[in-house]
Amino acid sequence: MRGLTASAAAGYAFAAVSQIHVFALTAGADPVATATKPLLMPLLACWVLARRGPRLLTAALLCGWAGDVLLMPDSEPLFLAGMGAFALGHLCYLRLARTAPAAPAPGGPGALAGRPAALLAAGYGLVCVAAVALLWPGLEAGLRLPVAAYSLLLTAMAWAAACRLRSAGLLGGALFLLSDALIAADLAGWPEPPLERTLIMATYLTAQFCLAVGVVTAYSAPSPDGPAGGTEASSSATSRFGATTR
């Protein structure tokens with residue numbers, strides 16, 4: 001283990017605990033899954049800190065940690081609080097994408113701008129509206145407006161990440177949409193797919209990691225307008241409720 005950097009150690013720890021958590025869900029080992037879940041986002045935050053990523057990214061991951069913990073009990077008030085925590089994390093990601101100093105110039109390698117960005121926005125928007133319309137009748141009355149508002153914010157985050165945080169941001173945002181779509185479908189009483197909890201957490205963990213990689217890469221690479229290494233941002237849903245609490 002000599003020579004192992006702090007970032008590598010944190011990355012290996014996050015990967016190992018993530019695999020243990022996902023395997024525990026698959027095997028039905030709920031005590032192991034419950035014990036490992038609160039460790040996931042703090043370990044990823046440690047990787048970000050070791051890579052000297054923006055403080056706002058650490059805040060986004062800690063919002064994810066708060067959401068993970070709040071959504072563990074089977075409680076609608078805590079579910080709404082957890083959704084709020086994730087919404088704050090999405091706002092952090094939106095800010096990070098908007099102010100990313102190393103975002104590719106329009107039309108440059110890895111950039112998504114102009115017509116492709118507009119088409120993606122239209123596609124994401126249509127999917128968001130269709131999903132909310134389909135889920136609306138099955139949602140409890142107290143969840144309908146919060147789920148709709150959260151879905152809009154999540155969609156905006158996924159689009160901004162795709163446009164500004166390169167391929168890692170594109171994948172991370174899309175997987176976050178998929179993970180929370182599975183949760184929303186469960187809330188609306190739709191039939192559960194096989195290994196639902198495993199799918200939710202596997203896509204969620206991959207999404208958070210990809211978004212973190214996208215942000216760290218953007219804030220450490222040279223900016224088109226000059227060096228930006230180490231620059232930070234300006235100031236600064238769910239297997240979670242009921243059987244599928246994330």
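Leaving aside neighbours within four places in sequence, serine 151 touches Cys128 and Val132. This serine sits in helix α7, which spans residues 141-164. Its relative accessibility is 18%, so serine 151 counts as buried; the cut-off for that class is under 20%. The model described here is a predicted one.

**Overall make-up**

The protein has nine helices and zero strands. Along the sequence the pattern reads α-α-α-α-α-α-α-α-α. Of the 246 residues in the protein, 47% are buried.

**Helices α4 and α5**

Two packed helices are described by the angle between their axes and the distance between the axes. Helix α4 covers residues 55-70, and helix α5 covers residues 76-99. They pack at an angle of about 165°, and their axes lie 8 Å apart. That angle makes α4 roughly antiparallel to α5, because angles over 145 degrees fall in that class. The crossing of α4 and α5 is left-handed.

Which residues of α4 and α5 make the contact? From α4 come Leu56, Leu57, Ala59, Ala60, Leu61, Cys63, Gly64, Ala66, Gly67, Asp68 and Leu70. From α5 come Leu78, Ala81, Gly82, Ala85, Phe86, Leu88, Gly89, Cys92, Tyr93, Arg95 and Leu96. Sorted by class, this contact of α4 with α5 holds 16 nonpolar, four polar and two charged residues.

**Aromatic pairs**

Phe86 of α5 takes part in the α4 contact. Phenylalanine 86 has 2% relative accessibility and counts as buried. Phenylalanine 176, at 0%, counts as buried.

Phenylalanine 86 also forms an aromatic pair with tyrosine 204. Their ring centres are 5.8 Å apart, with 80° between the planes, and this pair is edge-to-face. Phenylalanine 86 lies in helix α5 and tyrosine 204 in helix α9 (residues 196-220), so the pair ties together parts that are 118 residues apart in sequence. Both phenylalanine 86 and tyrosine 204 are buried.

| Pair | Centre to centre | Angle between planes | Class |
|---|---|---|---|
| Phenylalanine 86 and tyrosine 204 | 5.8 Å | 80° | edge-to-face |

Elsewhere, ring pairs link Phe14, Trp47 and Phe209 into a cluster.

**Positive phi angles**

Arginine 166 is not a glycine, yet its phi is positive, near 65°. Where is arginine 166 found? It is in helix α8. Arginine 166 has a relative accessible area of 28% and is partly exposed.

Leucine 195 is not a glycine either, and its phi is positive, at about 55°. Leucine 195 lies in the loop between α8 and α9. Is leucine 195 buried or exposed? With a relative accessible area of 51%, leucine 195 is exposed, because the class takes values over 50%.

Definitions and conventions
Residues are numbered from 1 along each chain as its sequence is written. This is a predicted model: local features need pLDDT of at least 70, side-chain atom pairs count only at pLDDT 80 or more; totals for chains, interfaces and linings use all residues. Side-chain values use heavy atoms; hydrogens and water are left out. Axes are lines fitted to C-alpha atoms, for helices over the stretch in contact, and angles run from 0 to 180 degrees between N-to-C directions. Helices (H or I, at least four residues) and strands (E, at least two) are DSSP runs, numbered from the N terminus. Angles under 35 degrees count as roughly parallel, over 145 as roughly antiparallel, 65 to 115 as roughly perpendicular and the rest as oblique. A crossing is left-handed if the near helix is turned anticlockwise from the far one by less than a right angle, and right-handed if clockwise. Contact means heavy atoms within 4.5 Å. Ala, Val, Leu, Ile, Met, Phe, Trp, Tyr, Cys and Pro count as nonpolar, Asp, Glu, Lys and Arg as charged, and the others, Gly among them, as polar. Buried means under 20% relative accessible area, exposed over 50%, partly exposed in between (1.4 Å probe, protein chains only). Rings of Phe, Tyr and Trp (its six-membered ring) pair if their centres lie within 6.5 Å; planes under 30 degrees apart count as stacked, over 60 as edge-to-face and the rest as tilted.
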